[in-house]
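Here is a short report to read alongside the model on your screen.

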Amino acid sequence: MSSPLPDEVDVVVVGAGGAGMTAALAARKRGLETVLLEKSAYFGGSTARSGGGVWIPGNYALSEAGQADAPEESKRYLDAIVGEVVPKVRRDTYVDRGPEVMDFIKSNTPLRFAWVPEYADYHPEQPGGRVLGRSVEPVPMNAKFLGEELDRLHPQYTKAPANLIVTQADFRKISLGLRTLRGPLTMVRVMLTRLISIVLGRRMYAMGNALAIGLRKGLIDADVPVHYETELSDLVIEDGRVVGVRVTHGGTESVVRARRGVILGSGGFERNLELREKYQPQPTSIDWTTGSEFNTGGGVLAGIAAGAATDLLDDAWWGPTIPLPSGPWFCLAERNLPGSIIVNAAGQRFMNEAQPYVEAVHEIYQGEATGVRHVPAWMVIDQRYRNRYLFAGLSPRQPFPGRWYKHGTVKKAATLAELAAEIDVPAEALEETVRRFNAFAASGTDQDFHRGESAYDKYYSDPRVKPNPSLHAIDQAPFYAVKIVPGDLGTKGGLVTDERARVLRPDGSVIPGLYAAGNVSSAVMGHTYAGPGATIGPALTFGYLAAEDLATDQENA
Ligand SMILES: Cc1cc2nc3c(=O)[nH]c(=O)nc-3n(C[C@H](O)[C@H](O)[C@H](O)COP(=O)(O)OP(=O)(O)OC[C@H]3O[C@@H](n4cnc5c(N)ncnc54)[C@H](O)[C@@H]3O)c2cc1C
């Protein structure tokens, strides 16, 4: 039995994801009576499903690894890639305050982070970009301390076979199968670690799971009550100030008043078809997102009803995605590894397939807008590629499951011409595309789209492939085509906030008592994605800053 909802507290936080849990912890640590209200029966939201990468330049884990750089460099980088879409003061505040947020999490939770070696910024060649990366991920942790609360961890995106605990850094090596010695050695280490955990009765978690578990433990230790199955339906406004929330809980409506204010951390609207159809490029679907099923935009709608301005609603944390029968698979390594291309309905390549995932989907939609079908697009690979690399959870050489064929996700043919017929593209065009691409692979230069030139492209590439580790000929039958749709990790448009995470009206004035962080707010990254972890980094940072503002701004006292 959960305790009854309070009538009134200092701070109401909505949503138990990365932004909400950090905000609630920070508010409590500043001495404010705080309650966290969560719509689902789980904690963690999309944050728990994620890779747990955090892009916060200059943080302690980067310093420990000798990878911290001057804040001016990151600011220059955000100036270059985000630009004036987002006010400079907000971008700079993120860079200036982020490391402090990481220290706060270290001091108040069991979470520890480590550098993800060489996971480059997504635009490393831009001014201030960093080839060695600025991304950190949680150190795997034994979550036994959470007891029964562990059952409330948000359902996983994918589960590694036999509950193996794999970090982002491990995944890069394993994705190469037996192509390098590091792949099998990493697998052996991962399996041994699992065995030791079983023997010692440990409950190990990594990536976003570890991130969510660590924050949840911080809340337990700080005595912040979390009320599950409590959904925000509206904000209570008196004299122009947000003074509480209206929620549905156990089938009844209640009001929880907030003496100081409300922080929204309720995620994006990726699972709301109506909003997707209203704001996002078409075609769209709620079945292509890997974001939490509970992120239906309740916070965004409540903010709009309270008079908030919105921005970036047409954008998302996009990524080329394979619509598997079991659910969407967000492609990380698959489209970057050599021996694969992506073609449109004309049978032609239309982008550097290995480019950062947000920009890759921008290209898909731009192509679609020209009248040539790009949704779905098709990834074309051959048997050699299949024999070498992991693919959407399958081991090298493992045949595609029959249901993938039945579902229309994958097609197979003995020749490229036959494959073209299977995916309804002109055979000559596909043959010519592959012939041209194979010539690029031989010369090492992708004259059309420059694949493999950026350090980012090379992160998931094959060092044994020469001269360009991102390019290999596609010429060993049978050939396969795998369906690609414009999926996402969640939406990135929402309520406009300032550098203190205060929600703003269209005229730029502040809505007193209302704050937002994470995907309910319009992204500090604008239309782009700085590097691995550039959605969770801002969610944690602005959640923390919202709590700070509530605690220190005299207007809220
Ligand atoms: C597979 C996958 C991998 C990813 N990997 C990374 C990565 O490595 N690095 C990175 O930076 N980003 C990554 N992302 C994206 C990242 O997870 C999200 O952008 C980020 O976690 C969003 O955080 P949030 O706190 O805004 O939302 P969430 O973590 O989704 O939390 C929102 C919470 O609010 C609750 N909620 C929703 N509506 C209501 C309501 N009306 N009332 C009450 N509660 C409500 C939800 O149930 C949820 O618990 C990944 C995402 C996915 C799906």
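Which helices and which strand each supply at least two residues of the shell around the ligand? They are helix 1 (18-29), helix 2 (45-49) and strand 9 (230-238). Please keep in mind throughout that this is a predicted model.

**The ligand and its surroundings**

Helix 2 makes the biggest contribution to this shell, giving four residues. In total, 38 residues surround the ligand. Sorted by class, the shell holds 23 polar, eleven nonpolar and four charged residues.

| Residue (backbone atom) | Ligand atom | Distance |
|---|---|---|
| Gly-18 | oxygen | 3.2 Å |
| Ser-46 | oxygen | 2.8 Å |
| Gly-53 | oxygen | 3.0 Å |

How much of the ligand's accessible area does the protein cover? On its own the ligand has 990 Å² of accessible area, and the protein covers 97% of it.

**Cavities**

By class, the lining of the largest cavity is made of ten nonpolar, six polar and two charged residues.

The second largest cavity holds about 40 Å³ of space. Its lining includes Phe-171, Ser-175, Trp-329, Ala-333 and Glu-334, together with Leu-390, Phe-391, Ala-392 and Gly-393. Here the classes come to six nonpolar, two polar and one charged.

The whole structure contains 35 salt bridges. One to pick out joins the side chains of Glu-238 and Arg-257, with 3.0 Å from N to O. Why does this pair tie together parts that are 19 residues apart in sequence? Glu-238 belongs to strand 9 and Arg-257 to strand 11 (residues 252-264), so the pair links those two parts. Strand 9 is also one of the elements that supply at least two residues of the ligand shell.

**Backbone features to check**

Finally, a few spots in the backbone deserve a look. Most residues other than glycine have a negative phi, and most peptide bonds are trans. Where does the model depart from that pattern?

A cis peptide bond joins Gln-282 to Pro-283, with omega at about -5°. Pro-283 sits in the loop between helix 9 (273-279) and helix 10 (298-305). The bond from Ala-477 to Pro-478 is cis as well, and its omega is near -5°. You will find Pro-478 in the loop between helix 16 (455-459) and strand 18 (479-491).

Asp-223, a residue other than glycine, has a positive phi near 60°. Its position is in the loop between helix 8 (207-221) and strand 8 (226-227).

Key:
Residues numbered from 1 in each chain as written. Predicted model: local features only at pLDDT ≥ 70, side-chain atom pairs only at ≥ 80, totals over all residues. Heavy atoms only, no water. Nonpolar A, V, L, I, M, F, W, Y, C, P; charged D, E, K, R; others polar. 1 Å grid on protein atoms, 1.4 Å probe; cavity = no way out; pocket = protein on both sides within 12 Å on 5 of 7 lines; lining within 4 Å. Points joined across faces, edges and corners; volume = space filled by probe spheres on them. Near = heavy atom within 4 Å. Polar contact = N/O pair within 3.5 Å; in protein donor to acceptor, adjacent residues only side chain to side chain. Areas by Shrake-Rupley, 256 points an atom, 1.4 Å probe, with all protein chains shown as cover. Salt bridge = Lys/Arg side-chain N within 4 Å of Asp/Glu carboxyl O.
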